[in-house]
Amino acid sequence: MAFPQAFLDELVARNPIEEVVGQYVSLTRKGSNLFGLCPFHAEKTPSFSVAPDKQIYYCFGCHRGGGVIHFIMEHEGLSYPDAVRFLAQRAGLTVPDDAGYAAAYKRRERLGSLCRDAARYFHSCLQGPQGEAGRAYMARRGISPKIATRFGLGFAPDGWSGLLDAMVAKGYEKEELLEAGLVLRSQKGGFYDRFRNRLMFPIIDVRGGVIGFGGRVMDDSKPKYLNSPETPIFNKRKNLFALNIAKKSKQGRIILTEGYMDAITLHQYGFDCAVASLGTSLTEDHANLLAKYTRQVVITYDGDAAGQDATRRAIALLEKTGVQVKVLRMQGAKDPDEFLHQYGADRFRLLLEQSENHAAYRLESLRRQYDLTQDDQRVQFLREAAQLVAGLSGAVEREIYGARAAEAGGITAEAMALEVRKAFRQRQAQEKKRREKRDLAPAASAQPQSREIRYDNVRSAMAEEGVLQLLLKEPALFERCGEDLADRFSSPLLAKAFRLLRQRYEAGMAVQLGALGDALTGQELSHLTAIAQKRDSLVSEEALDDCIAVIDEEYQRAHVAGSEDLQAFRRRLLEKKGYGGNDTWKTQRN
């Protein structure tokens, strides 16, 4: 939806970015900006900056940035229109009517209400006569009625249209149930319940809304678990079961499990920080979501081959976010559910406190791949272990895990330390070469962080960035920019930003990146915010003219080379657009 610009300006003005961000992040003033720990990735040193004068935020670590609307989109996981609505409610503003947006919002609200009513239906079935099989199964699995109520567990009767009939009676359309993934369409065009004769687990998002379901059979039939399909309100790659509860935990960690039963049993035994992925391997979105709510994740996947593979993949994803990753190994049980029922909460708590650092887990996993009674396999193990240990960030970690590898391989710690140092030096040399290559190739280092945004002409793009920086500092400089300046930009994104900002200037509105609405994607806005945050030179007419001259030179090289003399082209262009005039506005400092 395209909201009126006047409304968006009022929305931004009534929601100062430092106040909104300050509700989520502890900020400390340093000069004109505020700094804190980034809410989008785990870090120990604050690199998240808020600039009240520019009404933008930017993280120098993960390179996310934007205005107050995009901050709410990122942090709350909302669409642009919903983030606007969120901030409007905060500021006591009324969102202008828009038929298209109202219809889309009503549709999502309607699906959310339908899923909530479906959850109530399933829960009532579990409590009634038809839920006897579900209650018997819960008793066998040790799920208490209290925890069942806490998670809103339910039961889907063994019929073809129980839910369908109940929801239609409440006024929902059959097509709405199909869109919500609650029913299927038969070959003859009729509808029937997707979930039948299953214990039901409602999937609730971090804001407390029911968005989907998981259903488990109570025997050995297949599939054991059946999950809701992707819908307008449910994306399994971006949601985690029980995170709505775990995010409030005071235990200082989140326990990551493979399935619903593991997570529920952990909560029942007092570990209210457990979550589970939704029928899929951990994704990058899941890892980033976890990093918003914790600094430590303990992985408790099954110990079989599939579980170990999933653990290694999860470690790699979680490490990228900066959270501390630990791995819990269980003896005498295949998963947390079985372990807790067999050994109790105290034993599990002890196991939890003894959970391995991810380096220890990876080292042990590597050891199991080799027969260390064979000399050639010992050598291969030790070589790979040296590479693994050399990749650890701290000298203490390298010494400790190097000694463990030495012990496993039957050599002295000193010999292993030599191999680790050799591997570490090789890594340093490789990194130095990469760094030198970047330093010798300024064009590469000047490229945007996002691969989706690339500069075809880096020299021109640097000048175009300079123009935007100057205009954001001093909008009056638009008077020196010709109407067709953006046509000569080499970067489509920078040209787009120039035109959007110019429209605001000519309409008498604030020239701010954060007020550009939904005309930019999150990646585009992050990149433009990075430009605005760069240290730049004095704001002056001469600086602007220099940038424009470079843009014109590069444009001439690409489009009119050979047809005119370069200097003559520049001179005529400057005279035509009045760039060489003696305007009287004063030079300002940063």
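User: Which residues in H3 meet which residues in H4?

Analyst: This is a predicted model, in which local features need pLDDT of at least 70 and side-chain atom pairs count only at pLDDT 80 or more, while totals for chains, interfaces and linings use all residues. Residues are numbered from 1 along each chain as its sequence is written, and side-chain values use heavy atoms, with hydrogens and water left out. Helices are DSSP runs of H or I with at least four residues, strands are E runs of at least two, and both are numbered from the N terminus; contact means heavy atoms within 4.5 Å. On that basis, Val68, Ile69, His70, Ile72, Met73 and Glu76 in H3 meet Tyr80, Ala83, Val84, Phe86 and Leu87 in H4.

User: How are H3 and H4 oriented to each other?

Analyst: Axes are lines fitted to C-alpha atoms, for helices over the stretch in contact, and angles between N-to-C directions run from 0 to 180 degrees. Helix H3 (residues 68-76) and helix H4 (residues 80-91) have axes 9 Å apart and pack at about 105°. Angles under 35 degrees count as roughly parallel, over 145 as roughly antiparallel, 65 to 115 as roughly perpendicular and the rest as oblique. H3 and H4 are therefore roughly perpendicular.

User: Which term describes the orientation of H12 and H13 to each other?

Analyst: The axes of helix H12 (residues 284-293) and helix H13 (residues 305-321) cross at roughly 45° and come within 9 Å. Their contact is made by Glu284, Ala287, Asn288, Leu290 and Ala291 of H12 with Leu317, Leu318 and Thr321 of H13. The orientation of H12 and H13 is therefore oblique.

User: Which element gives the largest share of the lining of the second largest pocket?

Analyst: A pocket, on a 1 Å grid over the protein atoms alone, is an open set of points with protein on both sides within 12 Å along at least five of seven lines, whereas a cavity is a set where a 1.4 Å probe fits but cannot get out; lining residues have an atom within 4 Å of a point. The second largest pocket has a volume of about 660 Å³, and of its 27 lining residues the closest to the centre are Lys224, Tyr225, Glu258, Gly259 and Asp302. The largest share of this lining, four residues, comes from H13.

User: What volume does the largest cavity have?

Analyst: The largest cavity is lined by Ile204, Asp205, Val206, Asn239, Leu240, Leu243, Asn244 and Leu289. Grid points are joined across faces, edges and corners, and a volume is the space filled by probe spheres set on the points. For the largest cavity, that volume is about 40 Å³.
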